[in-house]
Structures are given as C-alpha cells and as structure tokens.
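My notes follow in the order in which I looked things up.

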Amino acid sequence: MAAYIIRRLFAAVLLLLVVSAVTFAIFFLVPRIAGQTVDQLAAQYVGKDANRDSIAAVKQNLGLDQPLYAQYWHFVKAIVAGADYKFGPDASHCSAPCFGYSFKSHVEVWSQLTSRIPVTLSLAVGAAVIWLVSGVAVGVLSALRRGSFFDRFFMGVALAGVSLPIFFTGMLALSVLTVQWPVWGDGINYVSFTDDPGQWAWNLLVPWCSLAFLYSALYARLTRAGMLETMSEDYIRTARAKGLKESTVVAKHGLRSALTPIVTIFGMDFGLLLGGAVITEQVFSFKGIGEYAVKGIQDNDLPIVMGVTLVAAFFIVFCNLLVDLVYAAIDPRVRYS
C-alpha cells in the first residue's frame, strides 16, 4: 500500500511538471513559432496602452530576451519561490506561489485567486454532495426496479437533465424563484460561510441544485448501467446463495464494484469545477475562479488566464490523485497492481 501511494505521488508531481511545461509552451513558445517577435509578445502582457518603457520592463521581468530554457526556469522558480518585478525605480514582489502577475493592474494573480477560491469551493462542494448522493441513489434504485414506473420516470428525468445546459436551468430557476415566485426576493448573492452559515447555504441552494441537476442525471444513468452489469455476475448469485441479506449483497458486493467508474468520473468533474464553474458563476454573478478567468479573457490579461490555467490543472491532478487512493480502498486488488 505504501509503495502504491508513493508511486501515485511521484506520478502526480511529474504530471504537474508536464502541465507547467505545456502551459509555458502555450503562452510563450507557440506565439514565437507563429511568428510573433519578442516585442509583440511582451506588448500582449502590457495591454493596449503599451509604450517602449513598459514593453522593455515586461521583457526584462519575464526574461523574454533569454533562451527558452532560462525562461522556463524563471517561470517554474516564480511558482515555487516567488518573483520580483521592476518598473523603473519601482519594484513589486510576487509572493510564492506566484501564479502570475498582472502588468495591467499591477496585482498578483494568486491574491485574487485566494479571495475567489472560497466561492468556487462552496459552489463545487455543495453541488457535488447533492449530485453524488442523489445520482447514485436513483441509479441503484432504478437498477433494482428495472422496467418499473420508478425506473422509467427517473431515467426520463435524467435524460432531460443531461440534455438541458446549466445556463438554461440556472436562468429558469432565477426567473421563477426571484421574479415569479420571489422566494429569493432580494436576489441570490454569495455570503461567506464565516459571516453567516445559514445565509451562505440558503443563497447557494439554487446554484447547487441547478448545477447538480446536470451531473446527477449523468451519475444516475452510469450507476444504473454499472449496477445492472454487476448484479448479474456469478459472485452476486453466490453471495445470495450463502444467505446474505439483500441489503448486504447490494451495498457490499454490488454497489462497491459498480462505484469504480463513478469515482473516476467524480474526480474529473470535481477537479474541473474547482478550476472554475464558469457558466454557473456567470449566470448567478458569483465572483469565483471561473468569473475571474472570463474577466481575464475579456480584458486580454494573459497572466490572469495563465494563472487560472495552472490552478485549474493543479486541482484536476490533485483530485485524480485522490481518486487513485480511493481505488485502493474500494478494490483491494488495486494495491498490488
């Protein structure tokens, strides 16, 4: 088990290095291959009001006039140890982890991300709990009652949930619950958990359900398919022949085997949401990571886009690492593979 965890940790660190190299290539190497000069590349980080002095400062701060391996070293070093940026007589320090520095607003990207992570984390965790519990429960019951009214009805609802995008269900929920039936008459605004836990949960209830509706439908269909396949296996019939309770057969033998693909998809979906629930945050006007990424794209502020890309990649790698560790708990055979 220890060797398995060490291998997975080593693979995660290696994957993060690969992600950093790919991100560096996208923002610094690909434009050069496409024909951009060093000055043109530096001008993109300054903005529309670029002048010679600002372009020269960005070139020096990012080391754009140095070889690519030196630029990549400074790129990685800034993430781990921070970086100093000089603008004539003035200087700014980007503390570690330095995921970028906006040369337009002269603000560290990481400080902006840390203020927005609680919003995205609150949205992702609450929605994940709802879609995981409801999706798996409906999937199991539909598989055990295959062909019944319950099965047909909820699989129909699941099909609608998979088909309807979040911007439709979110806007519909806002229209109904804040205008037609003003349950949230004052609007839905994010409130910090530390300020008011009750108001935090109340204002996030609609975004949670809107986001979970899309995912729970998919998880219900996947769980149903996995359970139907698992419950027809020989070892399930053997467990029943031994006289085990039906609840034990379903939960310990059937569901445990069917959870492996669910855990895989959950790790990917949750990691992506931690990197920013872009559409949901835009619909409900939440100041999360996804909304920050959209702002960076609209303002053509490349350090913001680069910082969000790195943070989102870290969350995805981290969640996949947790999935690998959960595999060992669900299926003991994984420990020796």
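I began with Lys287, which sits in the loop between H11 and H12; helices here are DSSP runs of H or I with at least four residues, strands are runs of E with at least two, and both are numbered from the N terminus. The model is predicted, so I kept its limits in view: local features need pLDDT of at least 70, side-chain atom pairs count only at pLDDT 80 or more, and totals for chains, interfaces and linings use all residues. Residues are numbered from 1 along each chain as its sequence is written, and side-chain values use heavy atoms, with hydrogens and water left out.

Lys287 counts as exposed, at 53% relative accessibility. My cut-offs are under 20% relative accessible area for buried, over 50% for exposed and partly exposed in between, with a 1.4 Å probe and protein chains only. Leaving aside residues up to four places away in sequence, I found Lys287 touching Arg116 and Val119, where contact means heavy atoms within 4.5 Å. I also took the C-alpha to C-alpha distance from Lys287 to Gly139: 34 Å in space, for 148 residues in sequence.

Ser285 is in the loop between helix H11 (278-283) and H12. Its phi is positive, about 60°, although Ser285 is not a glycine. I noted Ser285 as exposed, at 57% relative accessibility.

His106 also has a positive phi without being a glycine, at about 55°. I placed His106 in the loop between E3 and strand E4 (107-108). His106 is partly exposed, with a relative accessible area of 42%.

Next I checked for cis peptides and noted the bond between Ala96 and Pro97, with omega about -5°. Pro97 belongs to the loop between strand E2 (90-94) and strand E3 (101-102).

Is Asp301 buried or exposed? Asp301 is buried, yet it has no salt bridge, defined as a side-chain nitrogen of Lys or Arg within 4 Å of a carboxyl oxygen of Asp or Glu. The nearest side chain of opposite charge is Lys104, 5.5 Å away; Lys and Arg count as positive, Asp and Glu as negative, and His and the chain ends are not counted. Asp301 lies in the loop between helix H12 (289-298) and helix H13 (302-330). Its contacts, beyond residues up to four places away in sequence, are Ser102, Lys104 and Gly296.

I then turned to helix pairs. The axes of helix H5 (residues 109-144) and helix H8 (residues 197-230) come within 5 Å and cross at roughly 35°. Axes are lines fitted to C-alpha atoms, for helices over the stretch in contact, and angles run from 0 to 180 degrees between N-to-C directions. The residues in the contact of H5 with H8 are 21 nonpolar, eight polar and one charged. Here Ala, Val, Leu, Ile, Met, Phe, Trp, Tyr, Cys and Pro count as nonpolar, Asp, Glu, Lys and Arg as charged, and the others, Gly among them, as polar.

For H8 and helix H10 (residues 246-274), I read axes within 9 Å and a crossing at roughly 145°. The contact of H8 with H10 has 12 nonpolar, six polar and one charged residues. Residues that meet across this pair include Tyr215 and Leu222 in H8, and Ile262 and Phe266 in H10.

Last, I logged the totals. The protein has 13 helices and four strands, and 43% of its 337 residues count as buried. Its C-alpha trace spans about 80 × 55 × 40 Å along the principal axes.
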